[in-house]
Amino acid sequence: MALVAAIGGAAAEASDVRPNLHEVVADRTVTLHTPGGPLPISYSGNGTMIGRAKDLEFYTGSAFDRGTWWVVADRVCHRWRSWLGGKEYCVTLRMDGEKVHWRSQDGYSGTATLGAKRRVYEAGM
């Protein structure tokens, strides 16, 4: 079962314009809708992330984990501290208007919801 998310390219208009994956994911919560229940992952712009597995604790082994994320080609990759054995895991998301479809590297797939972009305040502003 896929427990992480990534954003993959989607055609915008007639040209094959791909979104900047880091910009799409950074400072946003992406909720994967899995057969076992929802999995919200909060991505920070600095490459760290937090996941809350609530209904998936039976699968992940814990209800909460932290890790790092980065973009490779058309995928967002993850390395959790304990989930998925701490191994690198990449997933693509295809954006189709307001709908987001995810697919894991091992073939699992489903839909996802992109949360609102969090506003980040810098010191002195």
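Mentor: Helices (runs of H or I, at least four residues) and strands (runs of E, at least two) are DSSP runs numbered from the N terminus, and on that basis leucine 84 lies in the loop between β5 and β6. The model is a predicted one, in which local features need pLDDT of at least 70 and side-chain atom pairs count only at pLDDT 80 or more, whereas totals for chains, interfaces and linings use all residues. Residues are numbered from 1 along each chain as its sequence is written, and side-chain values use heavy atoms, with hydrogens and water left out.

Trainee: What does the secondary structure of the chain come to?

Mentor: The chain has 2 helices and 8 strands, and from the N terminus on its elements follow the order α-β-β-β-α-β-β-β-β-β.

Trainee: What makes cysteine 77 and cysteine 90 a disulfide?

Mentor: Their sulfur atoms are 1.9 Å apart, and a disulfide is a pair of cysteine sulfur atoms within 2.5 Å, so the pair qualifies. The structure holds 1 disulfide. Cysteine 77 belongs to strand β5 (residues 75-80) and cysteine 90 to strand β6 (residues 88-96), so the bond ties together parts that are 13 residues apart in sequence.

Trainee: Why is the disulfide of cysteine 77 and cysteine 90 called right-handed?

Mentor: The torsion about their S-S bond is about 105 degrees, and therefore the disulfide is right-handed.

Trainee: Why does cysteine 77 count as buried?

Mentor: Buried means under 20% relative accessible area, exposed over 50%, and partly exposed in between (1.4 Å probe, protein chains only). Cysteine 77 has 0% relative accessibility and therefore counts as buried, and cysteine 90, at 3%, is likewise buried. Across the chain, buried residues make up 40% of the 125 residues.

Trainee: What makes phenylalanine 58 count as exposed?

Mentor: Its relative accessibility is 64%, so phenylalanine 58 falls in the exposed class. Phenylalanine 58 sits in helix α2 (residues 57-60), and its C-alpha is 9.4 Å from that of glycine 36, a residue 22 positions apart from it in sequence.

Trainee: Why are arginine 79 and glutamate 88 called a salt bridge?

Mentor: Their side chains meet with an N to O distance of 3.7 Å, and a salt bridge is a side-chain nitrogen of Lys or Arg within 4 Å of a carboxyl oxygen of Asp or Glu, so the pair meets the rule. By that rule the count comes to 1 salt bridge. Arginine 79 is partly exposed at 37% relative accessible area, and glutamate 88 is partly exposed at 41%.

Trainee: Which residues gather in a patch of positive charge on the surface?

Mentor: The patch consists of Arg52, Lys54, Arg66 and Arg81. Membership requires over 30% relative accessible area and no salt bridge, with like charges joined within 9 Å; Lys and Arg count as positive, and the place of a charge is NZ of Lys or CZ of Arg. One of the members, arginine 66, is found in strand β4 (residues 64-72) and is partly exposed at 37% relative accessibility.

Trainee: What is the phi of leucine 84?

Mentor: Leucine 84 has a positive phi of about 55 degrees, although it is not a glycine. Most residues other than glycine have a negative phi. Leucine 84 is partly exposed at 26% relative accessibility.

Trainee: Where is the place of aspartate 27?

Mentor: Aspartate 27 is in the loop between α1 (21-25) and β1 (28-34), and its phi, near 60 degrees, is also positive in a residue other than glycine.

Key
Patch = residues over 30% accessible without salt bridge, like charges linked within 9 Å, V, L, I, M, F, W, Y side chains within 5 Å. Areas by Shrake-Rupley, 256 points an atom, 1.4 Å probe, with all protein chains shown as cover.
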